[in-house]
Amino acid sequence: MLLRYLCSFLFLIWSSISFTCLADESIPYPLDYRVHLQNKGDRLKGLLKIENPGGKAWLIQAWAEDDSGKIHSIVFPFLSRIEGQKSMVLTILQEPSPVIHLKWFVVKLIPSTGKENINGIIFPVIYKLKIVR
């Protein structure tokens, strides 16, 4: 019984060490935790800068959600690629509407893989940021 617990403990230690070695990757991140929408003429406009500190390219998918969770594709670019050591600005352009009240700005980051990771599991990183008027 003691040998069983010892083996389980050693396996947990080994897996945590191997996981932290693989988690060395620098992940892109937004430079702000909120998106401010401002009146620009007849539209509401908001900007968010994404920084990629690592050397690997990532795929960025972004959209806005309202109070009920409905997705609105008013983010430009909706789908793009950010190279390593670069930054990118995402823009929200919304027509002023009393019906649609945007609440969340969602950014999904998907890491690129090489040919050696054919059967690997890929976890996207998702940021859900508050939209402030």
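Let's start with Glu95, which is partly exposed, with a relative accessible area of 44% (buried means under 20% relative accessible area, exposed over 50%, and partly exposed in between, using a 1.4 Å probe and protein chains only). The model you are looking at is predicted, so local features need pLDDT of at least 70 and side-chain atom pairs count only at pLDDT 80 or more, while totals for chains, interfaces and linings use all residues. Residues are numbered from 1 along each chain as its sequence is written, and side-chain values use heavy atoms, leaving out hydrogens and water.

**Salt bridges**

- Searching the whole structure turns up three salt bridges (a side-chain nitrogen of Lys or Arg within 4 Å of a carboxyl oxygen of Asp or Glu).
- Glu95 has Arg43 as its partner, and their closest N and O atoms are 3.3 Å apart.
- Arg43 sits in strand S4 (residues 43-51) and Glu95 in the loop between strand S9 (87-94) and strand S10 (102-111), so this pair ties together parts that are 52 residues apart in sequence. Strands (E, at least two residues) and helices (H or I, at least four) are DSSP runs, numbered from the N terminus.
- Arg43 is partly exposed too, at a relative accessible area of 33%.
- Lys128 and Glu65 form a salt bridge through their side chains, at 3.6 Å from N to O.
- This pair links distant parts of the chain, with Lys128 in strand S11 (residues 125-132) and Glu65 in strand S5 (residues 58-66), 63 residues apart.
- Lys128 is partly exposed at 49% relative accessibility, whereas Glu65 is buried at 12%.
- Glu83 and Arg81 also meet in a salt bridge, at 2.6 Å from N to O.
- Glu83 is partly exposed, with a relative accessible area of 37%, while Arg81 counts as exposed at 52%.

**The nonpolar core**

- The largest nonpolar core has 22 residues (a set of buried Ala, Val, Leu, Ile, Met, Phe, Trp, Tyr and Cys residues joined through side-chain atoms within 4.5 Å).
- Strands S4, S5, S9, S10 and S11 are the elements that each give two or more residues to this core.
- The residues with the most contacts inside the core are Ile60, Leu90, Ile92, Phe105, Val107 and Ile131.

- Setting aside neighbours within four places in sequence, Ile92 is in contact (heavy atoms within 4.5 Å) with residues including Val35, Leu44, Ile74, Phe105 and Ile131.
- Ile126 is part of strand S11.
- With the neighbours within four places again left out, Ile126 is in contact with Val106, Val107 and Lys108.
- Ile126 and Leu109 are 17 residues apart in sequence, and their C-alpha atoms are 6.2 Å apart in space.
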